[in-house]
Amino acid sequence: MKDKILIVDDSPDIRVLLTSLLTKSGYEIAQAENGEDCLRQIRKFQPDLILLDIIMPGIDGFEVCKKIKADPCSRDIPVIFLSGRSETKAKIEGLAIGGADYITKPFDMGEVIARIKNQLKIRHLTDELISTNAELTEKQNKLNEDLQAAAGIQKTLLPRSLPQVENLDIAWKFRPSEKIGGDIFNVLRLDEDHLGLYMIDVSGHGVPPALVTFSISQVLQPHMGYTIRKRPGFSPDSEVVSPGEVLKALDEEYPWERFERFLTIIYLIVNVRTGHLVYSNAAHPPPILLHADGTLELLGKGGTIIGLDGILPFEEETKVLSPGDKILLYTDGVFEFTDDQGDIFGEERFHTLVKNLHGRSIGSMLDEIVQAIETLVHGAQLQDDISLLGIEFKKQNITEIITA
């Protein structure tokens, strides 16, 4: 389509001259003899550019330009002043009120065409930019909607109804750094006596790691055969799969080449009747065994990250829990953040914080840890997901159950 130019001048000779030359240059032309006529023609002709005289009967060119720029329907149309007024003051005023360019009479037609081409090029590029921005905004809004939906789905993977165990308290906290992230954890009822607890951290943030966590959370469901399996032969009974075997199976199922993401996991099995705990750790931040007297152990026995094709075996370790002991699982987001001084919080300060809270219930302890982190970052965006999962053996019942 031809670019459309509106020529506004009270001189018929100038209008005829410009119309003849610009038509030969390939433009579609309309004319207006004064300011009022110009405003009418804009609505009717919808020009891509306006050549505007200043000194005209009725409304002068400056007032016409102000009206053009005040109207949302015409304010983006470039206006080139074409006037016999050559003083600097007039040029400054014309540009200040929204004129795109200023040409003085008598004019050189080559210069007029060159300036018109330049302004039309800018106009077209601006239109393209506006259109592109609108498309990007629409896509971003759709992406935000999808991320919100994905975040809602991810929340359903977190523990919704924790197993009710008479002698055990369980609590958790989750603070994502973005709408969705790479942390996931859960508590599984494996059989009448055993609970399985896991915490996973997939490297990165956003959709890709979230998809990996979704996949793994489904794989670890008891009915999938990774955490519970049918006994050999014709027995209808099932057996609990040991933590080392679970991690070995995940290592085979999620090789590095499949997602190109680092994956760490801690998997524990707790016998709620006897207090025995067995675990294996695949390069995950070691859970804390916080004894009732405030002493602290780190559960780091295990192997390397998931997906390295079994280059190291996943070792296991067994612990016996006493009344009042607590187990705390977490991701590195709880200590790899900076305080208001720019210093990283670090594992040592985190461990000290946990020890200082050893007298609190497990739920209160997690609340205090999250509050301490939020206080230190002063409302800033979290740099990583914060995930906490804790269990506490109650003093009043565990002794009776063990001695029964």
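**Close-up views of a predicted model**

**View 1. Arg 360, at 37% relative accessibility, counts as partly exposed.** The term partly exposed covers what lies between buried, which is under 20% relative accessible area, and exposed, which is over 50% (1.4 Å probe, protein chains only). Residues are numbered from 1 along each chain as its sequence is written, and the model is predicted, so local features need pLDDT of at least 70 and side-chain atom pairs count only at pLDDT 80 or more, while totals for chains, interfaces and linings use all residues. Side-chain values use heavy atoms, with hydrogens and water left out. The side chain of Arg 360 meets that of Glu 368 in a salt bridge, at 3.2 Å from N to O; here a salt bridge is a side-chain nitrogen of Lys or Arg within 4 Å of a carboxyl oxygen of Asp or Glu. Glu 368 is likewise partly exposed, with a relative accessible area of 27%. By this rule, the count of salt bridges comes to 20.

**View 2. Asp 9, Asp 53 and Lys 105 are linked in a network of salt bridges.** Asp 9 and Lys 105 meet through their side chains at 2.7 Å, N to O. This pair links distant parts of the chain, 96 residues apart, with Asp 9 in the loop between β1 (4-8) and α1 (12-24) and Lys 105 in the loop between β5 (101-104) and α5 (109-157). The helices (H or I, at least four residues) and strands (E, at least two) named here are DSSP runs, numbered from the N terminus. Lys 105 also meets Asp 53 in a salt bridge at 3.6 Å, N to O. Asp 53 lies in the loop between β3 (49-52) and α3 (61-70), so this second pair ties together parts that are 52 residues apart in sequence. Asp 9 is buried, with a relative accessible area of 2%, and Asp 53 is buried at 4%, whereas Lys 105 is partly exposed at 21%.

**View 3. Glu 392 is buried yet has no salt bridge.** This residue sits in strand β18 (residues 386-393). The nearest side chain of opposite charge is that of Lys 326, 4.0 Å away; Lys and Arg count as positive and Asp and Glu as negative, while His and the chain ends are not counted. The side chain of Glu 392 does reach the backbone nitrogen of Ile 362, at 2.9 Å. Apart from its neighbours within four places in sequence, Glu 392 is in contact (heavy atoms within 4.5 Å) with residues including Asn 167, Asp 325 and Ser 361.

**View 4. The largest nonpolar core has 50 residues.** Such a core is a set of buried Ala, Val, Leu, Ile, Met, Phe, Trp, Tyr and Cys residues joined through side-chain atoms within 4.5 Å. Among the residues with the most contacts inside this core are Leu 197, Leu 250, Ile 306 and Ile 327. Strand β11 (residues 263-271) gives the most to the core, with seven residues. A second, separate core of 23 residues includes Ala 30, Leu 39, Leu 52 and Ile 54.

**View 5. Thr 304 lies in the loop between β15 (302-303) and β16 (317-320).** Leaving aside neighbours within four places in sequence, Thr 304 is in contact with Ala 282, Ala 283, Ile 311, Leu 312 and Phe 314. The C-alpha atoms of Thr 304 and Val 79, which are 225 residues apart along the chain, are separated by 68 Å.

Terms used: Polar contact = N/O pair within 3.5 Å; in protein donor to acceptor, adjacent residues only side chain to side chain.
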